[in-house]
Amino acid sequence: MTRLVAVLGFSDGSCADLHPLCEARLARAAEEATPDDVILFSGWARGPSQSTEADLMAASWTGPGRVHLVDRAARTTLGNARAVARAARMVDADEVVLVTSRWHARRAATLVRAALGSGTLLRTVTTTAEPLPPRRRAREAGAWLVTPALALVAARSR
């Protein structure tokens, strides 16, 4: 059985280093991972001279795992979902463990499930409760308005 642990990046553009939310996701992934797992780090760079979220996570990884994959192209949750599905198909994963923040988990899982299709077990694990500022809450609520359409796009990328 092959298991893919997918860690979704996060940055608000406030720093060139690993964002604290991303650090929390990485720590949660390390708790979940086993030595036999394939680990995927997914996320882009907000600026041309910055390292990608994926590269920062990969460089900071201290958890177990037999293979590390780095996806530097995902700029959105849809991009993350497509990257997770591509990696799952590439390694013939039986299970995907999606690691993200609690407030992001439902939407991310919806898009990953659409991109994966049926046949692969999807389990979502989240970081501990973290404050969700009103601006981020409003953005997340707004994102749900387009999630059904994005799920169709994700499904067509299979």
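Helix 3 passes helix 4 in a right-handed crossing, and this is one of several packing arrangements described below for a model that is predicted.

**Helix 3 against helix 4**

- The axes of helix 3 (residues 77–91) and helix 4 come within 8 Å and cross at roughly 45°, which makes helix 3 oblique to helix 4.
- On the side of helix 3 the contact is made by Thr77, Leu78, Ala81, Arg82, Val84, Ala85, Ala88 and Arg89, while helix 4 contributes His104, Arg107, Ala108, Leu111, Val112, Ala115 and Leu116.
- Sorted by class, the residues in the contact of helix 3 with helix 4 are ten nonpolar, two polar and three charged.

**Helix 4 against helix 5**

- Helix 4 (residues 102–116) and helix 5 (residues 134–156) have axes that come within 9 Å and cross at roughly 5°, so helix 4 is roughly parallel to helix 5.
- Among the residues of helix 4 that take part in this contact are Trp103, His104, Arg107 and Leu111, and among those they meet in helix 5 are Arg139, Glu140, Trp144 and Leu150.
- The residues of the contact of helix 4 with helix 5 divide into ten nonpolar, three polar and five charged.

**The sheet and the helix across it**

- Strand 1 (residues 3–8) pairs with strand 4 (residues 95–100) in the parallel sense over five bridges, and valine 5 has valine 97 in strand 4 as its bridge partner.

**Glutamate 53 in helix 2**

- Glutamate 53 has its place in helix 2, which covers residues 53–60.
- Glutamate 53 counts as buried because its relative accessibility is 8%, and buried means under 20%.
- Leaving aside neighbours within four places in sequence, glutamate 53 is in contact with Gly9, Phe10, Ser11, Leu18, Ser42, Gly43, Trp44 and Ala45.

Technical notes:
Residues are numbered from 1 along each chain as its sequence is written. This is a predicted model: local features need pLDDT of at least 70, side-chain atom pairs count only at pLDDT 80 or more; totals for chains, interfaces and linings use all residues. Side-chain values use heavy atoms; hydrogens and water are left out. Axes are lines fitted to C-alpha atoms, for helices over the stretch in contact, and angles run from 0 to 180 degrees between N-to-C directions. Helices (H or I, at least four residues) and strands (E, at least two) are DSSP runs, numbered from the N terminus. Angles under 35 degrees count as roughly parallel, over 145 as roughly antiparallel, 65 to 115 as roughly perpendicular and the rest as oblique. Contact means heavy atoms within 4.5 Å. Ala, Val, Leu, Ile, Met, Phe, Trp, Tyr, Cys and Pro count as nonpolar, Asp, Glu, Lys and Arg as charged, and the others, Gly among them, as polar. Buried means under 20% relative accessible area, exposed over 50%, partly exposed in between (1.4 Å probe, protein chains only). A crossing is left-handed if the near helix is turned anticlockwise from the far one by less than a right angle, and right-handed if clockwise. Two strands pair if DSSP finds at least two bridges between them.
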